[in-house]
Amino acid sequence: MEQITSDSGWRGSPDVWLGAAYESLLDAGIDAVKIQPLAKKLNLSRTSFYWFFKDREELLDRLVSRWREKNTGNLVRQSEAYAETIAEAMLNVFDCWLDGSLFDSQFEFAVRSWALQSPEILAEVQSADQQRLDALTRMFLRFGHDEARADVRARTIYLVQIGYISMQTKEDVSVRMKRIPEYVEIFTGQIPEQRELDRFFARHGYSG
């Protein structure tokens, strides 16, 4: 949906305003996500905003929904993706950490930073954490692990990755790829087959 008027020109679209809000959140934090600065950034009038959103809170709600649908939704889907072994299932989840279209680590960091100053967002983050842990736990249960072991393995995987994000760890792709087989073995107790690794590396354009 876009709005065009003869007197003031283009008013933007919901996605345009949401995209600007996303960029501002990542660049400068939640305090930068305000209507007037966004309007200036987009070279649009402040009143244009109200064609698409009732108020700033509605925009922020949409921003949280985007984060929830992308990061939590994709992680859950990857954990449920077809796999012949738990090692292959783990590699499906690892896709999230290497493919920004599946999981946006910068967005994750920004939302977690926002949660430090908002009880409502903290509750959203805690809910997302539980959904993701539950999904990883179910993945292990699917491959025959008992509940206690599945729970601990899920937490180990998830807390390591959140640590990567929280510490804003930067790794060369080749370095991280070389660590993948060891991570899989540590997280799952199973050494990945070479054919499983080959498929994983191929879909991430890594040749070793």
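Modeller: The account below begins with the whole chain and then turns to the packed pair of helices.

This is a predicted model, in which local features need pLDDT of at least 70 and side-chain atom pairs count only at pLDDT 80 or more, whereas totals for chains, interfaces and linings use all residues. Residues are numbered from 1 along each chain as its sequence is written, and side-chain values use heavy atoms, with hydrogens and water left out.

The secondary structure comprises ten helices and two strands; helices (H or I, at least four residues) and strands (E, at least two) are DSSP runs, numbered from the N terminus. Read from the N terminus, the order of elements is β-β-α-α-α-α-α-α-α-α-α-α. Of the 208 residues, 46% count as buried, where buried means under 20% relative accessible area, exposed over 50%, and partly exposed in between (1.4 Å probe, protein chains only).

The part in question is the pair formed by helix H5 (residues 86–98) and helix H9 (residues 173–188), which pack at an angle of about 135° with their axes 10 Å apart. Such axes are lines fitted to C-alpha atoms, for helices over the stretch in contact, and angles run from 0 to 180 degrees between N-to-C directions. H5 is therefore oblique to H9, since angles under 35 degrees count as roughly parallel, over 145 as roughly antiparallel, 65 to 115 as roughly perpendicular and the rest as oblique.

Contact means heavy atoms within 4.5 Å. On the side of H5, the residues making the contact are Ile-86, Ala-87, Met-90, Leu-91, Phe-94, Trp-97 and Leu-98. On the side of H9, they are Arg-176, Met-177, Ile-180, Tyr-183, Val-184, Phe-187 and Thr-188.

The pair also belongs to a wider setting. A nonpolar core is a set of buried Ala, Val, Leu, Ile, Met, Phe, Trp, Tyr and Cys residues joined through side-chain atoms within 4.5 Å. In the largest nonpolar core, of 32 residues, those touching the most other members are Met-90, Phe-94, Leu-136, Met-139 and Ile-180. At least two residues of this core come from each of H5, helix H7 (119–142), helix H8 (147–166), H9 and helix H10 (194–203). H5 gives the most, with nine residues. Leaving aside neighbours within four places in sequence, Met-139 is in contact with Ser-79, Ile-86, Ala-89, Met-90 and Val-93. Apart from this core lies another, of 28 residues, among them Leu-18, Leu-38, Phe-52 and Phe-53.
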